[in-house]
Amino acid sequence: MPLQGFRWFLCCRQGFSLLGRDYGEREEEESFELRNNENLTSNGRIPTDVTVSQPTHTANGTNGHLVPGVAGEMKSLIIEKNNMGLEDDPELLVKGWLLREVRGSWIKQRRYWFVLSQDSLDYYSGPEKGARRLGTVVLTNLCSVIWPDKQSYKETGYWSLTVYGRKHCYRLYTRHFNEAVHWACAVQKVIDTKAPVETPTQLLLRDIEENKFNPEVVEHIYQHNPILKYTQGPLYAPLLPFPYGSAEHKYYSGKGYGPVREEAVKLFHCLQQLESAREPVPIIQGVLQTCLDLRPLRDELYCQLAKQTCCTPQPHTAAHLRYWQLLTCMSCTFLPGPAVLKYLRFHLKRIQSQTPESEMDNYATFVGEALDKTKCRECVPSWEEIQMLMSRQEMLCTVYYPGSGSCQLYINSHTTANEVLRRMQEKLGLQESKNTFALFEQNALWEQPVAGGTLIADILTSLSSKESEAPCQWKLCFKLYCLLDADGISLESIEYLFLFEQCHEMVVRGQLPAGEEDLQALAALRLQCIVGDFSTHAPCPPLDQLFPSHVVEARVLLSLSAAATAASRGPPPHCQLAVAPGLLAGAPWSQTSAHKQKVEQDLRLRSWLKEEAAAVMSAVVERWKGLAGYSRADGMAAYLAIARQWSGFGCTLYEVDFYISSTGSFSQKLWLGVAATSVSLYRQGEAEALESFPYGQICSYGVKDSNTFKITAGDRDLLFETTKLTEIMQLMNAYFSAIRRQRGKGGGRGVGGEDGGIAIPESTTTTTTTTTEVGFNHLHNPTFLELPSHSV
C-alpha cells in the first residue's frame, strides 16, 4: 500500500510537470472576429475588414480585443526557442539571473533565468540548453516598466523593477542597482520599438470618419458591428487602448482606484446602473469624479456613451435618456480628444437626423453647443448643477456686495467671473465708474479675489465643499478692487456705500493705523449709520464688529506685563518663610498645582478681556449718544473723513514676513500697501510709511521663488517674503493695466474693458521666476490678462 501511494505521487508529480511545461504562464493570443466584404471603398480599403462583435469574456478571463501580430510572435517565441539552446539564439538581448516575486507561496521570491528578446520577456528554470520555459510576457506597445526606486530598496534590500503585460505582472529583484537599471532600459527599449496597438473601436471610428459622406457605407458599418451599438451585456475590455500598467498606478491606487483598464470596464457597469437607479445624480457625480481623477478615461467614457445612445431598442424611455443626461454633464465638464470629438459630433448629427424634434434631438443640440464652450473643469459639478444640466436649464447664483445686499443671476456651466462682473455692474449702475471691481471668495475671516476667466460653477462647487468641511459661511462677493478715483465717487451712489463698508472692514481687521480715540469715534459713527440714534432698546452689535479686537487684547497684555514686572521684584522679606514650604511639595502635587494655576490664569485673562471690552464699549456708546440727529449719509461722510487722514487710504495691505533691500535694511512683520500710484511699506500699526515707491520708479516686479516677491526700483532690489504672492502680482498688474488704459482713453473709464470691471489675471506658478517690467516712461503692451514672464 505505501508503494502504491508513492507511485501515485510520482505520477501526479510527473503530470504536474508536464502541465507546467506545456501550459506554463504565458501571454495568450488576443484576437477579434474579422468579416470580409466584397465591396471596397474609393480608397481601396474594406470598411468593415476590422469589424468585430461585442467583446466577449473568454474562458480564461482575458479581454477579447486586438493585439496585432501576437499569433506570429507566439509561434516564434514558443516553438523556435524550445528547439535551440538559449545561448545560441541570435535574437536574445539581455539574459541573467533575477529574483521574481511569487504570490500564494511561503517563499516570497524565487530565482529564475530571465531572457529578453525582441518580442517577449521569458523566464526559465535555468540557463542550460533545453531548460523548461516557465512563463512569457509578450511585449507590445501597451506594456510598461516601473523603474527601480529607493523606497522599495529600503523596504526589501533589493532593487526592483516591474514589467506589466496583458495578463501577468512580473516584479523582479536584484541586489545591484546598475543591473536593475540595465534590465529596465532594455525592456523599455523593446516596448518603444513596437507599433501602437489600435483597438477595433479605434479602427471603426477611422472608417466612419473616412466614409462619413457615404451614408450607405456608414450604415453598413453600424449594422455589422455591434460594438458600436447599445448593448445590455457587460463590457469585458475597454473600447480604447490603455497601458497594462504605468508609473501613475501608485498615484491612482492612492486615490482608491485600480488599473485604468479595470476602471474603464467599471465605468461601463456604472452607466448600465443608471437605467434603473432611483436617484441618478450620485452615480453621475461619481462617474465625473473618476474622469476628473483619471484623465485617460474621458475619451473612453465618451465612446461608451456614444455606444449606449446608438440604435437603442427603446430610445424614448426615461431609462435611455439617462445616458443622454450623463453625456450632457460630460460635455459641460470635459472635452474629448480630437479623434473622439470628431466622432462624437458625427454621432450627434446622425441622431438628430434620425430622431428630429425628439428629446434626443434636444439633448444632442445642447451637447453640440456645449462642446463649443467647454473648458476643462477644476471641480466636478455640484448636485444642483447636475440636476439643472439633466433638464438643460440654468441655475441661480447669489452674489453679495458690501452693505449686506445681494443679487441673483442665472448662470450656466460656462459662465465666467468676467461675465458675472459685467452683469453686476449693469444691475448696480456702475458701468461709468472709474474704479474697478472684482469677485471675491469670502468668509468672516478670509477673502481671495477670483480670476476673471474662472468658471463660476467651479467657484460655487468649491465654496460648497469648504462649507461642508468647516462650519463657516462662504459666499461670492462683488467688491471694489482698484480704487483709482476715491474723490470722484458720488455720495448718493451705491459705490460710496462700497467704499464705506470696505473701509470699515479694514478698521475691524486692524489695518487702519489710528489712535484709540479715533477708533472709538469710528465705532460710534458706525453704530449711528447702521442703527440710528441711541436708544436703550436699539439692537447693538458685538464689539468685535465695531472695534479692532487686537487693541483690546493689547491693553490687557500690557496690564499683565506690568503686573508680572511687579511680581518679579519678589514678596517682602517677612513673607518669604510662608512661601518656602510650598517649594518642598512633591512632584505630583507640583504638577497638579501648576495645572490649576494655568486654568486660573486663563479664567483671569478672559475676565480681564471681558472687563476691558465692556469699558471700551461703554466709551463707544457715550460717543454714540453725542451723534443724535446724524443721518446715515452724514455718519458715512464723517467716518470716511477720519479714515482719509491716513496717507495710505485706499491701498490694499498684505502682511510681509520680512523685507530685505540691496541697501541692507531688514525688518520683520511689515505691511506692503499696493495703491493706485505707489507701493509702500509700513510697520504694522504705524501711519507713516517706512518707504514708498511710485510706479514711475519701479522697473520690474514679480515672483522670484515659492514665497519671495521682488521689486526693482531704480538701482535697488527689494525682496519680500509673503504668502500672498499671487494676489500682489494680480493687483499690481491690474493697477498698471488701469493706468495704461486711462492714458489710452485720455483719463476715461476704468480698466476691465468697456464695462469698467476688472479681469484678474490667472494664478501664477510661484516656483518659477515671473516678473514684469514697468514704469511710466516705458510701459509696454502685454495684455493684463496674462502674467508677464520676463527675467528679474
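**A parallel strand pair, its sheet and a covered helix**

In this predicted model, Y400 stands opposite C477 of strand β12. Strand β8 (residues 395-401) and strand β12 (residues 475-482) run parallel and are joined by two bridges.

- Five strands, in the order β9-β8-β12-β10-β11, make up an open sheet whose pairing is mixed.
- Because β9 (405-411) and β11 (447-449) each have a single partner strand, they stand at the edges, and one side of each is left without a neighbour in the sheet.
- On average, and with direction ignored, neighbouring strands of this sheet are turned by 40° against each other.

**Helices on the sheet**
- Helix α15 (residues 417-428) lies across β8, β9, β10 (436-442) and β12, and runs at about 130° to β9.
- Helix α17 (residues 494-508) also packs on the sheet, where it touches β8, β10, β11 and β12, and its direction makes about 100° with that of β12.

**Helix α11**
- Helix α11 (residues 318-331) has 14 residues and reaches 20 Å from its first C-alpha to its last, which is close to the 20 Å expected at 1.5 Å a residue.
- This helix is mostly covered, with twelve of its 14 residues buried; among them are H320, R322, Y323, W324, Q325 and C329.
- The buried residues of α11 pack against α8 (260-274), α9 (280-293), α10 (297-308), α12 (338-354), α13 (359-371) and α14 (383-390).

Key. Residues are numbered from 1 along each chain as its sequence is written. This is a predicted model: local features need pLDDT of at least 70, side-chain atom pairs count only at pLDDT 80 or more; totals for chains, interfaces and linings use all residues. Side-chain values use heavy atoms; hydrogens and water are left out. Helices (H or I, at least four residues) and strands (E, at least two) are DSSP runs, numbered from the N terminus. The expected span of a helix is 1.5 Å times one less than its number of residues. Buried means under 20% relative accessible area, exposed over 50%, partly exposed in between (1.4 Å probe, protein chains only). Contact means heavy atoms within 4.5 Å. Two strands pair if DSSP finds at least two bridges between them. Axes are lines fitted to C-alpha atoms, for helices over the stretch in contact, and angles run from 0 to 180 degrees between N-to-C directions.
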